[in-house]
Amino acid sequence: MQAQQTTVDANEVAKFEAMAAEWWDPNGKFKPLHMLNPCRLEYITSQIAGEFGLDRSVAKPFEGLRLLDIGCGGGLLSEPMARLGATVVGADAAERNLPVARIHAEQSGLEIDYRHTTAEAMAAAGEQFDVVLNMEVVEHVADPQAYLDACQQLLKPGGLMICSTINRNAKSFAMAIVGAEYVMRWLPKGTHEWNKFITPDELCALISKAGLTPVDRTGFVFNPITWGWSLSSRDLSVNYVTASTKPA
């Protein structure tokens, strides 16, 4: 790879490489993402359909859209986007994730362009997309502003970025770290660092500074009684997601 600036944090990459083989095990170390995925997909598909005026009731509503899933992991979002008709590039800095993703896509009969690369390298190469999915990545990079600047460059004018992360407050420490890593043991201890979490206001400021226009922010809320996730326009206290557009 060319010598260039990168926001990749080697320690963060190593954490996810150590878990690579478990991406598609719904009861493994990525169980929280499997549980959250239907909620994430509902938000993502509704935002894309709304922004581009698409009909979600047809078989492949996203046909004609070029989509980047940055930090794609094992492909939990790349695959449903490909099924919906998008031309998908899945990129990850953790090289060991990609063979898992490629094998699962092949077994599923899906064509997805998985690459071991970074947002900065793709931006430097002049790549551009209609949609950038930037899910649960920004809290793991070394320089969130530089990373979001690269994501902005990766969007075509009029494009849409969906970016999710974790709020930084006492509740998120209790739930995302103590609860998920120590009590429920859904994730290995040390997966998240509380001081790298980002508040919704901070994230929207970073996104705006990168040259994008925030258009929505919504919470992902876990209900311990129903043991499920839902979307909330009011509760962004722990997990949340944003949508932003690049001026045409």
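A contact here means heavy atoms within 4.5 Å. This is a predicted model: local features need pLDDT of at least 70, side-chain atom pairs count only at pLDDT 80 or more, and totals for chains, interfaces and linings use all residues. Residues are numbered from 1 along each chain as its sequence is written, and side-chain values use heavy atoms, with hydrogens and water left out.

**Whole chain**

Start with a cartoon view. The chain has 8 helices and 8 strands. These are DSSP runs numbered from the N terminus: helices are H or I with at least four residues, strands are E with at least two. Colour by burial next. Of the 248 residues, 54% are buried. Buried means under 20% relative accessible area, exposed means over 50%, and partly exposed lies in between (1.4 Å probe, protein chains only). Among contacts with a separation of 6 or more, 70% join residues 24 or more positions apart.

**Stop 1: Leu67**

Select Leu67, in strand 1. It counts as buried because its relative accessibility is 1%. Show what surrounds it. Beyond four places in sequence, Leu67 touches Ile48, Met81, Ala86, Thr87, Val88, Val89, Phe129, Val131 and Leu133. Draw a C-alpha to C-alpha distance from Leu67 to Leu133: 7.5 Å in space, across 66 residues in sequence.

**Stop 2: the annotated positions**

Zoom to Gly71. It sits in the loop between strand 1 and helix 3 (78-83). Its relative accessibility is 30%, so Gly71 counts as partly exposed. Apart from neighbours within four places in sequence, Gly71 contacts Ala91, Asp92 and Val137.

Move to Asp92, in strand 2 (residues 87-92). At 9% relative accessibility, Asp92 counts as buried. Its contacts, leaving aside residues within four places in sequence, include Gly71, Cys72, Asn97, Arg115 and His116. Show the Asp92 side chain and the backbone nitrogen of Cys72: the two come to 3.4 Å. Cys72 itself is buried, at 5% relative accessibility.

**Stop 3: helix 6**

Select residues 144-153. This is helix 6, mostly covered, with 7 of its 10 residues buried. Pick out Gln145, Ala146, Tyr147, Leu148, Ala150, Cys151 and Gln152, the buried ones. What covers them? Bring up strand 1 (66-70), helix 5 (119-124), strand 4 (129-135), strand 5 (155-166) and helix 8 (200-209), which are included in that cover.

**Stop 4: the cysteines**

Show every cysteine sulfur. How many disulfides does a search of the whole structure find? The search finds 0. The criterion is a pair of cysteine sulfur atoms within 2.5 Å. Take Cys204 as a case. Its closest cysteine sulfur is in Cys163, 9.1 Å away, too far for a bond. Cys204 is buried, at 9% relative accessibility.

**Stop 5: Thr242**

Finish on Thr242, in strand 8 (residues 239-245). Buried or exposed? Thr242 counts as buried, because its relative accessibility is 1%.

Key:
A polar contact is a pair of N or O atoms within 3.5 Å; within protein, one must be able to donate a hydrogen and the other to accept it, and residues adjacent in sequence count only if both atoms are side-chain atoms.
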